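Please look over the sequence and the structure below before reading on. The briefing then goes through them topic by topic.

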Amino acid sequence: MRYSVLSAEEEQRIHEAALCILEEVGLDVGRPSLIAKLREHGFPTLADDRVLIPRARVEEALKSAPRSVHLGARDVDKQVVLDGTHCFTATGGCGSKTLDIDTGEVRPSSLADVAASARLADAIEEYDVYWTLISAQDVEPATRVARGFLAALQNTVRPIQVIDACRGDEAETLALMARQLESAGVMHGPPVSMLNSVVTPLRFDPDGTEAAMVFAREGLPVVCCSMPIGGVTAPATPAGTVMLAHAEVLAFLTLLQSFYPGCPLIYCPFPVMGHPIIPLQCVLCNSSIPALINHFSAWLAPPTGRGGKCRFYF
C-alpha cells in the first residue's frame, strides 16, 4: 500500500523548483580552496563565491548513486541494508549535557555516558542504528569524535553513525580506524557512517563538506542532511520549506557524487516549522505539521530504481 499526501504532479513541481534554485541561485561555499576544487570539476561559480549546480549535474549524480546503502555492524545479523524496501530506526541527538539518573543533576556529558547510551540502545530491539547521541565533554576536543566512536563500538553490536565529525582531520581519523577494523575482521560491512548537513539557507559548511568528502573517498556512507526551519531560515510555507530541504540535500549529493562517483549516500532532509507565537524559541516538532512535511520530504527522495526510493527514518 502506498500513501502520499502529494500527487505525482505536486512532487514534480517541488522537485523542479529545487532544481531551479540550484541552477540559478546556487550555494555559498565560503572557502577559496573548496570553490577552486568545484571549478576544477566543472561547476560554474559566481564572483561572490557561490557555486551553481546545473540540472544536468544533478541528474548525472543521481544516476551514479548506489541503489542501496550498507551500514556495517559487529554482529553480522545487525547489519542494515537501505534498499527502499524497509524502514529502520536510529537514536538521535548530540547532547553535550546529561541528566544524571543517580543525582538528578544536569552535568556535562562524559565518555562514560556515550558508553552507557550505546549499551542502552543495543539492548532495545526496536533500534537498528546507534547514532552517537552524546558528545563527551570530558575529553580533549581534538580526540572527542574518535574516542566517542570507540566507546560506542565497545558497547554496541549495531551499526554506528557519527554526527559530530565536523572537520576533515576528524574524518581522516575515523577513516583510518575504519580501515583497521575492516582489516582485523571486527566489522561486517562499512564500520561507520556519518551525518553531515548543509547550512540553511543554501550554504555549504566548508569544514563539514571536507569531512564528508573524506568519507565519500573511502566509500563510507554519508547521510546528506538539511535542517531548514520554516519561517526562520526557510520560506514560511510547508511546501517552500520542503522544497529548500530537497534542494540542499540534492546539492550535497551532487557535490559528493561528482567527486567520488558511486559513493554511498543517504537522502535525509529534516524540515521543521518555526513556532508562530514564540519566534526563535521553539519549533514545531511534536505536532501533525512536522509529521506532514517530513512525509513530503520522504516521498521526494531521489529514485533508487524503478518504482523505489531510498529513505532513512530516525
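This is a predicted model: local features need pLDDT of at least 70, side-chain atom pairs count only at pLDDT 80 or more; totals for chains, interfaces and linings use all residues.

Of its 314 residues, 49% count as buried. Among the contacts in the chain with a separation of 6 or more, 71% are accounted for by residues 24 or more positions apart.

**Nonpolar cores**

- The largest nonpolar core has 70 residues, and within this core L27, F204 and L256 touch the most other members.
- Helix α8, which spans residues 238-259, gives the most to this core, contributing twelve residues.
- When residues up to four places away in sequence are not counted, L27 touches L22, D49, R50, V51, I53, V198, L202, R203, F204 and A251.

**Helix α2 and the residues that follow**

- In helix α2, residues 32-40, the buried residues are L34, I35 and L38; they lie on the same side of α2, because they cover an arc of only 95 degrees around the axis.
- The exposed residues P32 and E40 are carried on the face of α2 that is turned away from the buried side.
- The cover over the buried residues of α2 includes β2 (50-51), α7 (206-218) and α8.
- Just after α2, G42 takes a positive phi of about 90 degrees.
- D49, in the loop between α2 and β2, also has a positive phi, near 65 degrees, although D49 is a residue other than glycine.
- D49 is classed as partly exposed because its relative accessible area is 28%, and D49 is one of the residues that L27 touches.

- Helix α5 is mostly covered, with eight of its ten residues buried, namely R144, V145, A146, G148, F149, A151, A152 and L153.
- The elements covering the buried residues of α5 include α4, β7 (130-131), β8 (160-162) and α6 (168-183).
- The axes of α4 (residues 111-123) and α5 (residues 144-153) come within 8 Å and cross at roughly 35 degrees, and this crossing is right-handed.
- On the α4 side the contact is made by L111, V114, A115 and A118, and on the α5 side by R147, G148, A151 and A152.
- By residue type, this contact of α4 with α5 divides into six nonpolar residues, one polar and one charged.
- N155 is found in the loop between α5 and β8, and this residue counts as buried because its relative accessibility is 17%, where the cut-off for buried is under 20%.
- Leaving aside its neighbours within four places in sequence, N155 is in contact with R74, A115, A118, R119 and D122; A115 and A118 are also among the α4 residues that make the contact with α5.

- T241 has its place in helix α8, and T241 is classed as buried because its relative accessible area is 0%.
- Apart from neighbours within four places in sequence, T241 is in contact with P228, G230, A234, P235, P271, V272 and M273.
- Q180 has its place in helix α6, and with 47% relative accessibility Q180 counts as partly exposed.
- Q180 and P191 are eleven residues apart in sequence, and their C-alpha atoms are 9.6 Å apart in space.

**The loop between β9 and α7**

- P201 lies in the loop between β9 (193-198) and α7, and a cis peptide bond, with omega of about 5 degrees, joins T200 and P201.
- L202 lies in the loop between β9 and α7 and has a positive phi of about 60 degrees, although L202 is not a glycine.
- L202 counts as buried because its relative accessibility is 11%, and L202 is among the residues that L27 touches.

Terms used:
Residues are numbered from 1 along each chain as its sequence is written. Side-chain values use heavy atoms; hydrogens and water are left out. Axes are lines fitted to C-alpha atoms, for helices over the stretch in contact, and angles run from 0 to 180 degrees between N-to-C directions. Helices (H or I, at least four residues) and strands (E, at least two) are DSSP runs, numbered from the N terminus. A crossing is left-handed if the near helix is turned anticlockwise from the far one by less than a right angle, and right-handed if clockwise. Contact means heavy atoms within 4.5 Å. Ala, Val, Leu, Ile, Met, Phe, Trp, Tyr, Cys and Pro count as nonpolar, Asp, Glu, Lys and Arg as charged, and the others, Gly among them, as polar. A nonpolar core is a set of buried Ala, Val, Leu, Ile, Met, Phe, Trp, Tyr and Cys residues joined through side-chain atoms within 4.5 Å. Buried means under 20% relative accessible area, exposed over 50%, partly exposed in between (1.4 Å probe, protein chains only). The arc is that of the directions from the helix axis to the C-beta atoms.
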